[in-house]
Structure formats: C-alpha cells, structure tokens
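Biologist: Please walk me through this one, and start with the terms you rely on.

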Amino acid sequence: MAVPHPPVYQEYYTRTPFQLFSGVGWKRLVAFRADESGVTLGGPVTRYHRFLAVVPWRDIKAVVVWATKKELERPIRRIGLKLRPGVSDVPGPDVKISPQLAASAAPHIEYPVVRNNRVIVFWKVDPTRLAAAVRAFAPHVQLRVHPVYRLRPGQGGGPGYGGSPGYGSGGSIFDIMP
C-alpha cells in the first residue's frame with residue numbers, strides 16, 4: 001500500500017520575461033510554502049532573495065489571507081503572518097509601513113500582520129489545500145481567510161498606496177496577469 005503524500009502546500013510564481021531581467025534567472029521561484037518546518041514567504045520577483053523568509057511554526061500564531069478593493073479596481077490580495085510576541089518581523093517590503101498607512105490600506109487586519117505580508121501576484125492561494133497543510137503541520141496555528149474588504153471613497157489609498165499602478169502603490173501593471 002502506498003504511503004499518502006504529506007499535505008505540503010507550495011505555490012510558485014508564474015514565470016515572466018521580467019524575471020530574466022531582474023537577475024533571478026528562469027528557475028521556478030517559490031512564492032509560498034507550508035511544510036513540516038514552517039512557512040516560506042518568497043520575496044517579490046525583483047527582490048526575491050533579499051526578502052525570502054522561512055518562519056518556523058513555533059513562531060506563528062496565525063496565517064491570514066485577505067484582499068482589499070477600491071471602487072473600479074481589482075482586489076489586491078495578500079497573505080500575512082501573525083507572529084508570536086517577541087519574534088522579529090520577517091524581512092519584506094512592508095516591514096517599515098506606518099500604523100496609519102497600514103490602517104488605511106487594510107483597516108480590518110492587525111498592524112503586525114500587515115507588516116509581515118506578501119502581495120499575492122503571479123500566483124494564487126488555494127484555501128482548501130492551505131488549510132490541510134496548516135492542520136497537518138501546525139494545528140495550533142489559526143488560518144483566517146477574509147472576504148474581500150471594500151474600501152470606501154476617501155478611505156485607504158493615501159498618497160502612493162493602493163492607488164493606480166506605480167512605485168509604492170501596492171499594485172502593478174502585472175496585476176492583470178493570473
């Protein structure tokens with residue numbers, strides 16, 4: 001009788017020519033992984049190795065998936081970690097975000113989770129498979145999957161955040177890709 005495969009959950013970034021020009025080459029890059037050792041958060045393709053982080057399960061209280069959407073825009077999907085007290089933040093593009101900017105971008109998500117997140121772009125989350133992996137490897141860790149949070153006009157998206165694609169906007173021209 002064959003031994004069933006462990007419920008490792010892994011997603012890769014979709015390869016694009018931009019990946020070649022960013023210096024990481026054409027190899028498959030892990031965007032997210034949940035296995036027996038913990039959670040791997042891949043860095044953005046342009047700064048992959050700089051922001052790559054592996055967090056052991058003992059340091060994680062919750063894995064949180066959410067999305068925010070402004071009127072007439074596509075949702076910006078994210079996955080983040082709520083870490084245990086005393087654990088250092090993971091390296092990432094939002095580690096220095098201010099509490100005010102975090103609250104305007106995702107008012108329904110705790111500030112530490114926003115600091116320790118990744119934008120889900122060039123890959124997708126399968127909540128069922130992710131839940132199976134969390135249950136198998138870390139039943140003490142919560143998995144929270146929030147519905148899309150709709151930002152009202154005048155809420156969120158301060159200067160250069162969550163607005164139209166561009167530097168620091170949280171979106172990019174590549175958000176149109178699956």
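Modeller: Helices and strands here are DSSP runs numbered from the N terminus, where a helix is H or I over at least four residues and a strand is E over at least two. Two strands pair if DSSP finds at least two bridges between them. This is a predicted model, in which local features need pLDDT of at least 70 and side-chain atom pairs count only at pLDDT 80 or more, while totals for chains, interfaces and linings use all residues. Residues are numbered from 1 along each chain as its sequence is written, and side-chain values use heavy atoms, with hydrogens and water left out.

Biologist: What is the mean pLDDT of the protein chain?

Modeller: The mean pLDDT (the predictor's confidence in each residue, from 0 to 100) is 83 for the protein chain, and 76% of its residues reach 70 or more. Over residues 157-178, however, pLDDT stays under 50, and for that stretch the model has 43 contacts beyond four places in sequence, a contact being heavy atoms within 4.5 Å.

Biologist: OK, and how many helices and strands does the protein chain have?

Modeller: The secondary structure comes to 5 helices and 8 strands, which follow the pattern β-α-β-β-α-β-β-β-α-α-β-α-β along the sequence.

Biologist: In what order do the strands of the open sheet with mixed pairing come?

Modeller: That open sheet has 4 strands in the order β7-β6-β5-β8. β7 (117-119) and β8 stand at its edges with a single partner strand each, so one side of each is left without a neighbour in the sheet. Neighbouring strands of this sheet are turned by 15 degrees against each other on average, direction ignored, with axes taken as lines fitted to C-alpha atoms (for helices, over the stretch in contact) and angles running from 0 to 180 degrees between N-to-C directions. Helix α5 packs on the sheet, touching β5, β6 and β8, and its direction makes about 155 degrees with that of β8.

Biologist: How do β5 and β6 run, and how many bridges join them?

Modeller: They run antiparallel and are joined by 8 bridges; in that pairing Ala-67 has Arg-77 of β6 as its bridge partner, and Thr-68 stands opposite Ile-76. The two strands form a hairpin with 6 residues between them, and Leu-72 in the turn has a positive phi of about 65 degrees. With strand β8 (residues 142-150), by contrast, β5 pairs in the parallel sense over 7 bridges, and there Ala-62 stands opposite Gln-142.

Biologist: Back to Thr-68, is it buried or exposed?

Modeller: Thr-68 is buried, with a relative accessible area of 8%, where buried means under 20%, exposed over 50% and partly exposed in between, with a 1.4 Å probe and protein chains only. Leaving aside neighbours within four places in sequence, Thr-68 is in contact with Arg-74, Pro-75, Ile-76, Ala-105, Ala-106, His-108, Tyr-149 and Leu-151.

Biologist: Why is β5 largely enclosed by the rest of the structure?

Modeller: 9 of the 10 residues of β5 are buried, so the strand is largely enclosed.

Biologist: Where does Tyr-9 have its bridge partner?

Modeller: Its partner is Ala-34 in β2; β1 and strand β2 (residues 30-35) pair in the antiparallel sense over 4 bridges. They belong to an open sheet of 4 strands in the order β1-β2-β3-β4, with antiparallel pairing, whose edge strands are β1 (9-12) and β4 (53-56).

Biologist: Last one, how far apart are Arg-115 and Asp-94 in space?

Modeller: They are 5.1 Å apart, C-alpha to C-alpha, and 21 residues apart in sequence; Arg-115 has its place in helix α4 (residues 111-115).
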